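Me: Hi! I'm new to this one, could you walk me through it?

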Amino acid sequence: MNTASVHRAVRLTGQTSAVLFAAAQFSQALRLPSVGAWRPLYLGFVAAHVVHFIAVTRYAALTNGRNLFPGGRDMNDVGGWPTVLGIYALFFALASTAWASPGRATRVHPGVRRAGSAATGLLGTMFTSFYLGQIPRSRWNALPATIIGAAVLTNIAAAHQSPAGMLKLRRRGHAIPHSA
């Protein structure tokens, strides 16, 4: 595989991951179409990102890490392979933490919910900041930045709605859609 085709794979897998991440966030926040619908989307996001990391690793090997990081920075300028592997480990730690905290579940300890929201927020910030940094190349990059940011904020806000308030409505006989 040549460098140009690997670079296209890096972009495509990153974009696929971003779309699945945003879809999982909106699905979880809006409870569409059912309580657990976000989980397959989230697993798809993680799988797409695994493939993305494989493509990034291949690209780094082909280019000796030249222009691997935003702003045209070389891999060796930011610490080399240990930095790249650290980024991979951080991603999987955040993704696992976000997975373990299923939003509005009433049986989740509030600390776990807060950790999941923080992890989701950091993942969303990484995606959003990447696309914001790409706006000088194309103004269209504002669109994924906005969508991902809105998805994450919607999900975090929904995760911290009061389950007690929802229980009060149920006791009064109001119909409430299934919640996590």
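Predicted model: local features only at pLDDT ≥ 70, side-chain atom pairs only at ≥ 80, totals over all residues.

Me: Great. Which residues in the largest nonpolar core touch the most other members?

Reply: That core has 32 residues, and the ones touching the most other members are Phe-21, Tyr-42, Phe-45, Leu-68, Leu-123, Phe-127 and Ile-148. Two or more residues come from each of helix 1 (3-30), helix 2 (38-63), helix 3 (81-100), helix 4 (110-133) and helix 5 (142-159).

Me: Which helix gives the most?

Reply: Helix 2, with 9 residues.

Me: And what does Leu-123 touch?

Reply: Leaving out residues up to four places away in sequence, Leu-123 touches Phe-21, Tyr-42, Phe-45, Phe-91, Leu-94 and Ala-95.

Me: New topic: how do helix 1 and helix 4 cross?

Reply: Their axes come within 11 Å and cross at roughly 135°. Because of that angle, helix 1 is oblique to helix 4. The crossing of the two is left-handed.

Me: Which residues meet there?

Reply: From helix 1, Gly-14, Gln-15, Ser-17, Ala-18, Phe-21 and Gln-25 meet Thr-120, Leu-123, Gly-124, Phe-127 and Tyr-131 of helix 4. By class, this contact has 5 nonpolar and 6 polar residues, with no charged ones.

Me: Now the loop between helix 2 and helix 3. What is phi of Asn-64 there?

Reply: Phi of Asn-64 is near 55°, a positive value in a residue other than glycine. For background, most residues other than glycine have a negative phi. Asn-67, in that loop too, also has phi near 55°.

Me: Is Asn-64 buried or exposed?

Reply: Asn-64 is exposed, since its relative accessible area is 54%. Asn-67 is exposed as well, at 51%.

Notes. Residues numbered from 1 in each chain as written. Heavy atoms only, no water. Core = buried A, V, L, I, M, F, W, Y, C linked by side-chain atoms within 4.5 Å. Buried < 20%, exposed > 50% of the residue type's maximum accessible area, 1.4 Å probe, protein only. Helix = DSSP H or I, 4+ residues; strand = E, 2+ residues; numbered from the N terminus. Contact = heavy atoms within 4.5 Å. Axes fitted to C-alpha atoms, helices over the stretch in contact; angles between N-to-C directions. Parallel < 35°, antiparallel > 145°, perpendicular 65-115°, else oblique. Left-handed = near helix turned anticlockwise from the far one by under 90°. Nonpolar A, V, L, I, M, F, W, Y, C, P; charged D, E, K, R; others polar.
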